[in-house]
Amino acid sequence: MFIPHTEADREAMLRTIGVDRLDDLFQDVPADYRFPDLNLPPAQTEMEVMMELQRLANANEGISDLICFLGAGAYNHYIPAAVDAITSRGEFLTAYTPYQPEISQGTLQAIFDYQSLITALTGMDVSNASHYDGATAVAEAVTMAYAHFRGKKTKIVLSPSLHPHYRATVETYNQGTEVQAFTPEIDLSAGPDALLPYIDGSTALVIVQYPDFFGRIYNYTDLAEKVHAAGGLLAIAVNPLALGLLTPPGEFGADIVVGEGQPLGIPLSFGGPYLGIFATRKEYVRKMAGRLVGETMDNRGQRAYVLTLTAREQHIRREKATSNICTNQGLMALASTVYMSLLGKNGLQQVAELCYHKAHYAADQIAAIPGYSLWSNSPYFHEFVVQCPLPAAEINAHLLEHGILGGYELGKDYPGMENAMLLAVTEMNSKEEIDLLVDILSEAPHD
Amino acid sequence: MTEPLLCELSISGRKGVQFPKPDVPKAALPANLTRQHLPLPELSEVDVVRHFTRLSQMNYCIDKGMYPLGSCTMKYNPKVNEAAAHLPGFAFIHPNQPIETVQGALLMMYELQEMLKEIGGFAGITLQPAAGAQGELTGVLIVRAYHQARNDLKRTKILIPDSAHGTNPATSAMSGMQVIELPSDVNGNVNLDALRAECDDTLAGLMLTNPNTLGLFDENVLEVIRLVHAAGGLVYGDGANMNALLGIVRPGDLGIDVLHYNLHKTFSTPHGGGGPGSGPVGVREHLVDFLPGPIVDIVDEGDEDTPPLYGFVTPKQSIGRVKSFWGHFGMMVRAYTYIRMYGPDGIRSISEHAVLNANYLMALMKDVYHLPYQRTCKHEFVVEGRWEDAPEIHALDIAKRMMDYGLHPPTNYFPLIVHEALMIEPTETESKQTLDAFVEIMLKIAEEARTDPELLKTAPHITPVGRLDEVKAAKELVLCCGLDSSPIAGTSVAAG
């Protein structure tokens with residue numbers, strides 16, 4: 001298997017070390033606790049373990065078995081075959097963090113490519129090499145804004161239409177800090193203006209989402225101006241795929257753009273690993289956490305790439321670092337880089353438009369079913385909220401009987417919205433699937 | 001041997017992927033929210049695949065050879081792990097699916113939780129943390145929550161030995177804790193006198209890496225833990241070095257209250273050039289209620305005819321979630337596969353051979369490279385990369401020269417308490433023959449340091465690029481290529 005030693009190797013090595021047995025190497029471990037019997041299942045061969053895993057995998061009904069209209073932070077998109085072909089290469093898959101640039105130019109230049117694509121997509125100046133996911137990128141934006149104002153501004157305003165997991169993560173990260181992060185109780189159907197009364201001179205950061213958790217899209221230019229006038233910063237959490245079509249948040253005046261990178265060629269994989277996008281303006285680059293790759297020259301006069309501004313990071317600054325991040329999402333950033341390269345300018349726009357048109361077709365059809373209506377009349381991208389005549393959980397149970405994964409049940413996070421579901425439509429949903437969804441929804445109230 | 005950037009390879013009008021035409025009527029695009037320029041490159045699939053293949057060939061990787069990076073546990077990543085994680089029933093399930101449709105995934109997670117409990121001697125596990133550093137944050141927040149729940153609010157002090165990874169102090173500071181550094185004693189153990197002096201009623205806990213970053217198992221570990229507990233504090237274990245302890249000793253049995261695992265070190269999930277990792281956290285009984293939620297549990301016991309139903313539960317006094325969804329599921333599949341293949345005896349043999357390999361290398365190197373702590377090591381050891389008779393040579397030069405021999409260097413300049421440190425962790429997956437070849441090169445480099453120091457100072461010579469100007473990188477800060485500043489003319493995407 002993966003331990004290559006023969007009995008003869010072991011004996012020769014023990015002799016060189018000067019001990020008789022392997023056990024002799026563990027004399028410093030307290031004898032009372034040494035060599036516990038582990039109650040683990042017995043070893044299996046590769047063949048056996050693959051059969052077991054195949055059985056476990058088959059016990060799931062995935063999106064290849066079901067028609068998926070589920071989103072709420074993770075989306076079903078087509079992933080071109082070349083993405084996995086590249087990310088499965090051992091040279092990328094089994095390389096360590098590129099601390100030794102002379103033998104890591106592949107990873108370093110790929111990250112530089114990633115940083116370039118993310119800045120282009122978001123309209124920002126700089127991107128780091130990634131965070132864990134959308135939620136932790138948001139939490140790091142909070143930490144960065146707090147550090148930027150050197151603790152003098154402590155208030156963080158979270159839009160209620162920011163993903164509930166992102167808001168929960170911010171709360172978790174800050175239970176021991178001075179940061180006061182809160183979600184104002186405002187009318188959920190209101191636009192970003194409803195946040196204005198909560199923004200004042202003590203506000204370090206305002207965070208909104210684009211498209212927001214309910215799928216709606218707003219122009220945040222006015223909000224950015226008001227936040228800046230109050231002396232604070234604005235962070236916008238994006239779906240990067242939507243930026244194939246939509247105005248980049250850099251043009252709104254965002255100071256920080258974060259986001260969940262999963263839609264960019266990363267499999268759903270039951271929630272992870274995904275990709276945390278983090279971009280900001282040039283003037284804040286030294287306050288940004290995470291790894292950064294910069295361009296330079298080598299001693300042979302060649303252009304080359306290296307991790308830079310590392311003095312901000314934990315392995316140098318220790319307790320003075322603003323973040324403890326070390327391992328990030330290198331391979332997922334690579335996947336998104338390959339995906340964006342393959343799709344390019346035209347392809348990303350095409351996918352975004354397909355999502356947009358199909359979602360609007362679906363929404364129009366559903367809104368025409370008696371008993372159903374759209375919860376909002378604001379513009380939206382590829383997700384929208386439907387008010388159902390019954391609790392969304394009941395509708396979903398009915399849809400599942402017909403092989404459809406229905407929308408996210410909003411009552412789970414928003415009390416009072418038990419009859420509302422958030423439906424996502426992507427390029428993967430055919431007109432036939434949408435029409436089937438509409439047919440089954442039409443039946444549901446009469447069951 | 002410079003590879004162009006994506007933006008330099010771009011040719012206007014080229015396409016890598018085609019998508020079907022819309023099969024629904026087109027809707028009006030949002031007038032004031034449609035972007036005018038999308039400055040992404042335009043490439044064919046051939047361009048893209050060749051670009052990234054050429055880049056990949058400029059990388060060192062574990063598939064190519066030994067990676068003796070101390071504290072990084074760069075062991076071989078079994079290919080079966082990848083096959084398992086790629087199974088469509090795992091790779092293509094949505095995190096928000098009803099639990100009834102993902103019982104296979106939940107059962108796997110539940111079993112992995114059980115196995116990690118057993119290996120570490122813990123009563124509860126969360127699989128949610130994304131990496132080791134996030135596992136640390138989770139653990140320190142649990143320590144904090146424990147004291148808060150007891151209304152013991154003045155406990156804000158976290159003790160961290162000077163040999164600890166940088167993430168330990170950074171994590172504690174992030175959690176709002178006060179960091180106190182503890183010196184090591186002459187044998188590389190925690191200095192007990194210094195520890196006693198800090199054991200008061202403000203002590204929240206101690207972050208202990210054991211074996212520590214010198215590769216030494218703390219000979220007083222039981223006393224260290226006893227002192228912290230007696231003062232009312234908790235002990236956090238940094239599981240980065242668990243590859244020394246599998247089946248050897250269970251941290252929970254020693255009294256360690258909370259510990260993070262690194263699935264991407266100990267349990268063979270690939271590093272991916274810097275992630276994704278996975279940092280599950282184990283806790284003893286008194287901390288189970290504080291674990292981040294949701295975690296997988298049996299939500300309906302079932303009966304003779306019905307199997308148990310697995311679902312998600314959130315512990316009563318949970319610190320909350322630390323990321324989206326349930327954790328790095330793809331990494332869990334790989335780790336599960338790995339543990340299942342080893343079984344109880346195999347798990348122990350991992351650490352036995354990791355420790356055997358490290359001691360073997362240490363025995364063969366210590367006469368030539370100064371060994372600051374003369375003890376049996378665990379899975380790694382630290383030597384000094386300097387000699388009195390080669391004064392101009394630094395650890396960095398040795399590291400760079402190793403590349404000329406096709407080796408990846410060890411971790412250098414860490415831990416900070418050893419001068420010119422070279423921290424070597426071979427892992428169990430390297431054979432005696434590989435280790436012998438490694439030693440031969442290390443001895444040769446030591447000789448070159450005396451006979452031809454310039455060879456080391458100017459190394460590496462045969463790598464795709466030579467030593468880099470890091471000052472220029474930091475000063476000029478070129479962090480992306482120029483496409484963004486020059487939007488491609490006449491490409492209004494609103495026209496679609």
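**Entry 1. Helix 2 of chain A**

I looked up the buried residues of helix 2 of chain A and found Val49(A), Leu53(A), Leu56(A) and Ala57(A). I took a residue as buried if 20 or more other C-beta atoms lie within 10 Å of its own, as exposed if 12 or fewer do, and as partly exposed in between, with C-beta atoms placed from the backbone. Helices (H or I, at least four residues) and strands (E, at least two) are DSSP runs numbered from the N terminus.

I viewed helix 2 of chain A down its axis: its buried residues fall within an arc of 95°, so they line one face of the helix. The arc is that of the directions from the helix axis to the C-beta atoms. I recalled the general rule that an α-helix has 3.6 residues a turn, so residues three or four places apart point the same way. On the other side of helix 2 of chain A I noted Met47(A), Met51(A) and Arg55(A) as exposed.

I then checked the length: helix 2 (residues 46-58) of chain A has 13 residues and reaches 18 Å from its first C-alpha to its last, close to the 18 Å expected at 1.5 Å a residue. The expected span is 1.5 Å times one less than the number of residues.

What covers the buried residues of this helix? I found that the cover includes helix 3 (79-85), helix 4 (88-91), helix 5 (103-120) and helix 11 (329-365) of chain B.

**Entry 2. Model and conventions**

I record that this is a predicted model, in which local features need pLDDT of at least 70 and side-chain atom pairs count only at pLDDT 80 or more, while totals for chains, interfaces and linings use all residues. Residues are numbered from 1 along each chain as its sequence is written, and chains are lettered from A and ligands numbered from 1 in the order in which they are written.

**Entry 3. Chain A as a whole**

I counted twelve helices and 15 strands in chain A. Its C-alpha trace spans about 85 × 55 × 50 Å along the principal axes. Of its 447 residues, 62% count as buried. I call two residues in contact if their C-beta atoms, placed from the backbone, lie within 7 Å. Among the contacts in chain A with a separation of 6 or more, 72% come from residues 24 or more positions apart.

**Entry 4. Domains and the partner chain**

I consulted the domain assignment of chain A, which gives domain 1 (67-78 + 344-446) and domain 2 (81-339); such bounds come from an automatic or database assignment. The C-alpha centres of domain 1 and domain 2 of chain A lie 28 Å apart. I found 23 residues of domain 1 in contact with 22 residues of domain 2 of chain A. On the side of domain 1 that touches domain 2, the largest share, six residues, comes from helix 10 of chain A.

I next turned to chain B: 169 residues of chain A are in contact with 174 residues of chain B. Helix 10 of chain A gives the most to the side of chain A that touches chain B, with 24 residues.

**Entry 5. The seven-stranded sheet**

I traced an open sheet of seven strands in chain A, with the order 2-8-7-6-5-3-4 and mixed pairing. Two strands pair if DSSP finds at least two bridges between them. Strand 2 (126-127) and strand 4 (180-182) of chain A stand at the edges, each with a single partner strand, so one side of each is left without a neighbour in the sheet.

I followed strand 3 (residues 155-158) of chain A, which runs parallel to strand 4 of chain A and is joined to it by three bridges. Strand 3 also pairs with strand 5 of chain A in the parallel sense, over four bridges. Lys155(A) stands opposite Gln180(A) in strand 4 of chain A and opposite Thr203(A) in strand 5 of chain A.

Is strand 5 of chain A enclosed or open? I found eight of the eight residues of strand 5 (residues 203-210) of chain A buried, so it is largely enclosed by the rest of the structure. Six bridges join strand 5 to strand 6 (residues 233-238) of chain A, in parallel; there, Gln209(A) has Ala237(A) as its bridge partner.

I located Lys282(A) in the loop between strand 8 (276-280) and strand 9 (293-297) of chain A. Lys282(A) is exposed, with 11 other C-beta atoms within 10 Å. Leaving aside neighbours within four places in sequence, I found Lys282(A) in contact with Asp125(A) and Val126(A).
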